[in-house]
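Subject: Structure handover

Hello,

Here is the structure we discussed, with my notes below it. Please read the notes with the model open.

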Amino acid sequence: YYLIGSLTASGKCKEAIARGLAVLRRLNFDIAATPNPMAIMQAIQQAEKESSMYNFSQLSEDQKRVDTKTRNVMKLVEATSASCYLVASPFLPLLNAAAVRYSLQNGVCEDSASAFTIFAYFEIFLTQSFESGRKWGNVAKTLLEDAALCPATTRARLKFYTFVNFWFVPLKESIKHMEDVEDMGYKVGEIESADMAQMHRYKYSFFGGEQLSLLSQALDNSLRSMAKSSVVLAKMSALDKDLIDTLGGVKSSNPYAIFDGEIGNRQILLNDAQSKGLNNIVEAAHLHNVFLSFWMDDYEEAVKSSDIAMSFPSAKMPGVKLVYHIFYRGIIAYQLHRQGKGEKWLDEGNKMLDQVETWVKNSKPLFENKLVLLKAEQDASMCNFLPAKESYELSIKLARDNGYINEQGLAYERMGKYLMSIVEVPEAESCFLNAHRCYLQWGAKAKADKLWEDWNLGSSTGRLEPCTTSIKHKRNE
């Protein structure tokens with residue numbers, strides 16, 4: 001597994017995957033030669049079948065009896081999985097389904113936690129079975145609860161909290177977990193995992209409505225050190241800071257300065273990534289444009305970037321970026337339908353709404369206000385006045401109650417646009433004023449200024465309503 005890790009670190013992921021799979025097959029891992037959808041589903045079903053014969057209540061005792069060979073095999077699985085993940089290899093679910101079966105047969109221990117986490121992730125992603133994902137995630141969680149702090153368990157915790165646990169807890173809790181993993185990573189020298197946890201923490205905080213100036217300052221303090229350990233993570237975080245500062249109206253910001261002249265702006269970063277085949281950065285750059293264009297009301301530009309981003313398989317994999325991509329795309333679709341762009345956009349909006357509806361039962365604090373806002377947009381598109389108004393008002397309340405100042409502002413703004421379209425002008429202006437105040441409180445000055453100018457709010461006689469506060473965290477780099 002040291003060789004596989006070395007190949008991965010040097011960028012030779014395909015060679016690492018080929019070598020790792022060859023060794024594991026010699027160890028009787030049943031991994032199909034062709035990773036097609038049927039083979040993947042069969043592998044998942046076989047692991048589920050064999051798990052029915054295992055007594056998971058004995059996990060703590062079983063960990064003590066696992067031999068060194070089994071532990072080393074699971075480390076080899078983790079190393080090979082890392083390469084599979086980096087190149088979005090379809091062997092990733094096959095490999096970890098086989099690893100779960102191997103672990104159940106030979107011994108379940110903390111070194112198995114990574115495989116159980118990835119298997120849980122693909123239960124969610126491929127079968128849309130959140131209950132199965134929760135079940136397997138709980139196995140990984142149990143294995144990690146008593147595990148010693150070390151680089152391997154830190155990496156496993158990062159995967160668990162990023163890919164599985166995220167779906168079942170409030171966003172504030174995910175932010176706290178990322179902070180904990182970050183601290184663990186720095187303590188044991190697992191710097192890349194610490195930096196990745198930090199990147200996710202900032203991303204979660206942005207979507208959760210953290211004050212933008214605080215996030216910008218924190219990123220200022222960490223970007224250059226991040227660039228020393230992982231240029232890829234630094235590039236992704238530079239995109240995040242670019243988004244934050246643009247929304248915040250910070251014109252003097254240049255997050256790309258950390259690259260010492262090699263990369264001057266987002267377009268150069270995108271061109272560089274495309275020339276080097278770095279699809280994860282290419283996807284991140286297009287998602288950056290989706291999110292920025294969405295907040296700045298350039299919906300047609302957002303759709304263009306959204307379509308490009310969705311062409312990458314990794315963009316459809318469950319995670320925080322997918323949640324907000326789907327949410328924003330749904331709002332965009334309903335708006336384009338109301339602008340007369342065609343019935344296809346109503347269908348697209350409904351498709352996005354249906355997806356969010358499958359998620360809401362897992363974590364209402366994370367998803368409910370988003371679902372209700374999409375339902376308001378659907379009713380507005382169908383000319384259902386009273387249901388639309390009620391859903392807009394409920395979405396505002398839910399966003400406020402959960403501390404999402406940004407999404408409270410968004411719900412006010414969307415309601416204002418709908419009311420303006422049906423010539424309820426005083427009520428619409430009140431919504432815009434409340435949205436403006438929420439955006440200022442979030443720190444999105446450029447967004448607030450645009451709203452003010454677009455709707456001539458300086459002459460408005462609308463009224464303000466109680467506003468929420470943004471999420472606060474103890475850490476302020």
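This is a predicted model: local features need pLDDT of at least 70, side-chain atom pairs count only at pLDDT 80 or more; totals for chains, interfaces and linings use all residues.

Helices α22 and α23

Helix α22 spans residues 425-442 and helix α23 spans residues 445-454; their axes come within 8 Å and cross at roughly 160 degrees. An angle over 145 degrees counts as roughly antiparallel, and α22 and α23 are therefore roughly antiparallel to each other. The crossing of α22 past α23 is left-handed. On the α22 side the contact is made by F432, L433, A435, H436, Y439 and L440, and on the α23 side by K445, K447, A448, L451 and W452. By type, the residues of this contact are eight nonpolar, one polar and two charged.

The buried residues in α23 are A446, K447, A448 and L451. What do the buried residues of α23 pack against? Their partners are α13, α15 (279-295), α21 (405-421) and α22. Just after α23 comes N456, with a positive phi of about 50 degrees.

Helices α11 and α13

The second pair is helix α11 (residues 191-207) with helix α13 (residues 231-248), packed at an angle of about 20 degrees with their axes 11 Å apart. That angle makes α11 roughly parallel to α13. Here too there is a left-handed crossing, of α11 past α13. From α11, the residues E192, D195, M196, M199, K203 and F206 meet L233, M236, S237, D240, L243, I244 and L247 of α13. The residues of the contact divide into eight nonpolar, one polar and four charged.

Y204

Y204 also lies in helix α11. Is Y204 buried or exposed? Its relative accessible area is 0%, so Y204 is buried. Leaving out residues up to four places away in sequence, Y204 touches Y161, T162, F166, L171, S174, I175, M178 and V320.

Nonpolar cores

The largest nonpolar core has 135 residues, and F206 and Y324 touch the most other members of it. Helix α17 (residues 320-338) gives the largest share of this core, 12 residues. Apart from this core lies another one of 21 residues, including M199, L233, A238 and L270. M199 and L233 are also among the residues that meet between α11 and α13.

For Y324, again not counting residues up to four places away in sequence, the residues touched are L171, F207, F291, L366, K370 and E407. L171 is also one of the residues touched by Y204.

Positive phi in loops

C383 is not a glycine, yet has a positive phi of about 60 degrees. C383 is found in the loop between α19 (364-381) and α20 (385-401). With a relative accessibility of 67%, C383 counts as exposed.

V423, which is not a glycine either, has a positive phi of about 60 degrees. V423 sits in the loop between α21 and α22. V423 counts as exposed, at 65% relative accessibility.

Regards

Definitions and conventions. Residues are numbered from 1 along each chain as its sequence is written. Side-chain values use heavy atoms; hydrogens and water are left out. Axes are lines fitted to C-alpha atoms, for helices over the stretch in contact, and angles run from 0 to 180 degrees between N-to-C directions. Helices (H or I, at least four residues) and strands (E, at least two) are DSSP runs, numbered from the N terminus. Angles under 35 degrees count as roughly parallel, over 145 as roughly antiparallel, 65 to 115 as roughly perpendicular and the rest as oblique. A crossing is left-handed if the near helix is turned anticlockwise from the far one by less than a right angle, and right-handed if clockwise. Contact means heavy atoms within 4.5 Å. Ala, Val, Leu, Ile, Met, Phe, Trp, Tyr, Cys and Pro count as nonpolar, Asp, Glu, Lys and Arg as charged, and the others, Gly among them, as polar. A nonpolar core is a set of buried Ala, Val, Leu, Ile, Met, Phe, Trp, Tyr and Cys residues joined through side-chain atoms within 4.5 Å. Buried means under 20% relative accessible area, exposed over 50%, partly exposed in between (1.4 Å probe, protein chains only).
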